[in-house]
Amino acid sequence: RITEQAKALKRQTQEKDILLKVSQALSKTMDLDEVSKVASRAVGSAMGAERCAVTLFSQDDNLFEIRGLYSKKQPDVEKFIGTKFPQDDIPLLSNTIKKEKPITINNTFDLPSKSKTKEYFLRAGIKSVLGAGMFFGKKLVGFLSVTDSKEHKTFDQTEIKLVQTMANQIAVAIENARLLQVVKKHTQDL
């Protein structure tokens, strides 16, 4: 019983450490691109993820754009930054966002064989996914995803909750950076 409590306490401490690291990283910049890059790097490395992406959503053209990308093993992932895709290109993502719940796919091969979602993940070489919508209130800001291309991973409730919490934290930082951009532009126009 005491060992279980000690493990639970250790896990809680680790979660708080991760949230603190992400918070500290996000507080160092107000530049939108830098916030996205810092967030993906902080979340990816703190969670020991193989890859982590911060994908922003544009209400104007209904497109997602990869703005921050971290990879433990592939230094050339920067080439994917700026990639845009319609929300409907990945139906599972669309449904997840509508429900405002995190997504977990332990094995992308188990997805229906002719699904666009499966095609996308296979093309990207992704075997497992944990992701969460980034919301500012009810406004969709983007999507945070932690992926693995080496193994099929089962995500536990703690990891799912942690990613959702970080997605919410990143959404606030992104909205602050966007607001600062608007203020700067407005000031220049005066």
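Are lysine 185 and aspartate 189 buried or exposed? Lysine 185 is exposed, and aspartate 189 is exposed as well. The model is predicted.

**Nonpolar cores**

- The largest nonpolar core comprises 33 residues, of which Val43, Met134, Leu144, Val163, Met166, Ile170 and Ile174 touch the most other members.
- At least two residues of this core come from each of α1 (2-26), α2 (32-47), β1 (51-58), β5 (128-136), β6 (139-148) and α5 (157-189).
- Helix α5 makes the greatest contribution to this core, supplying ten residues.
- A separate core of 19 residues lies apart from the largest one, and its members include Phe64, Val77, Ile90 and Leu111.
- Leaving aside residues up to four places away in sequence, methionine 166 is in contact with Ile18, Leu19, Val22, Val43, Met47 and Leu144.
- In soluble globular proteins, nonpolar side chains tend to be buried together.

**Helix α2**

- Helix α2 consists of 16 residues and spans 22 Å from its first C-alpha to its last, close to the 22 Å expected at 1.5 Å a residue.
- Its buried residues are Leu32, Val35, Ser36, Val38, Ala39, Ser40, Ala42, Val43, Gly44 and Met47.
- The elements covering these buried residues include α1, β1, β2 (63-71), β6 and α5.

**Aromatic pairs**

- There are four aromatic pairs in the structure.
- One of them joins phenylalanine 57 and phenylalanine 64 in a tilted arrangement, with 5.0 Å centre to centre and 55 degrees between the planes.
- Phenylalanine 57 counts as buried because its relative accessibility is 6%, and phenylalanine 64 counts as buried because its value is 0%.
- Tyrosine 120 and phenylalanine 121 form an edge-to-face pair, with 5.4 Å centre to centre and 65 degrees between the planes.
- Tyrosine 120 has 24% relative accessibility and therefore counts as partly exposed, whereas phenylalanine 121, at 7%, counts as buried.
- A single aromatic cluster brings together Phe57, Phe64, Phe85, Tyr120 and Phe121.

**Salt bridges**

- The structure contains seven salt bridges.
- In one of them, the side chains of aspartate 33 and arginine 67 meet at 2.5 Å, N to O.
- This pair links distant parts of the chain, with aspartate 33 in helix α2 and arginine 67 in strand β2, 34 residues apart.
- Aspartate 33 is partly exposed, with a relative accessible area of 34%, while arginine 67 counts as buried at 16% relative accessibility.
- A network of salt bridges links Asp33, Glu65 and Arg67.
- Within helix α5, glutamate 175 and arginine 178 are three residues apart, so about one helical turn separates them.
- The side chains of glutamate 175 and arginine 178 form a salt bridge of 3.3 Å, N to O, and both residues are buried.
- Lysine 185 and aspartate 189 are four residues apart in helix α5, so they too are separated by about one helical turn.
- Their side chains also meet in a salt bridge, at 3.3 Å, N to O.
- An α-helix has 3.6 residues a turn, so residues three or four places apart point the same way.

Note on methods. Residues are numbered from 1 along each chain as its sequence is written. This is a predicted model: local features need pLDDT of at least 70, side-chain atom pairs count only at pLDDT 80 or more; totals for chains, interfaces and linings use all residues. Side-chain values use heavy atoms; hydrogens and water are left out. A nonpolar core is a set of buried Ala, Val, Leu, Ile, Met, Phe, Trp, Tyr and Cys residues joined through side-chain atoms within 4.5 Å. Buried means under 20% relative accessible area, exposed over 50%, partly exposed in between (1.4 Å probe, protein chains only). Contact means heavy atoms within 4.5 Å. Rings of Phe, Tyr and Trp (its six-membered ring) pair if their centres lie within 6.5 Å; planes under 30 degrees apart count as stacked, over 60 as edge-to-face and the rest as tilted. The expected span of a helix is 1.5 Å times one less than its number of residues. A salt bridge is a side-chain nitrogen of Lys or Arg within 4 Å of a carboxyl oxygen of Asp or Glu.
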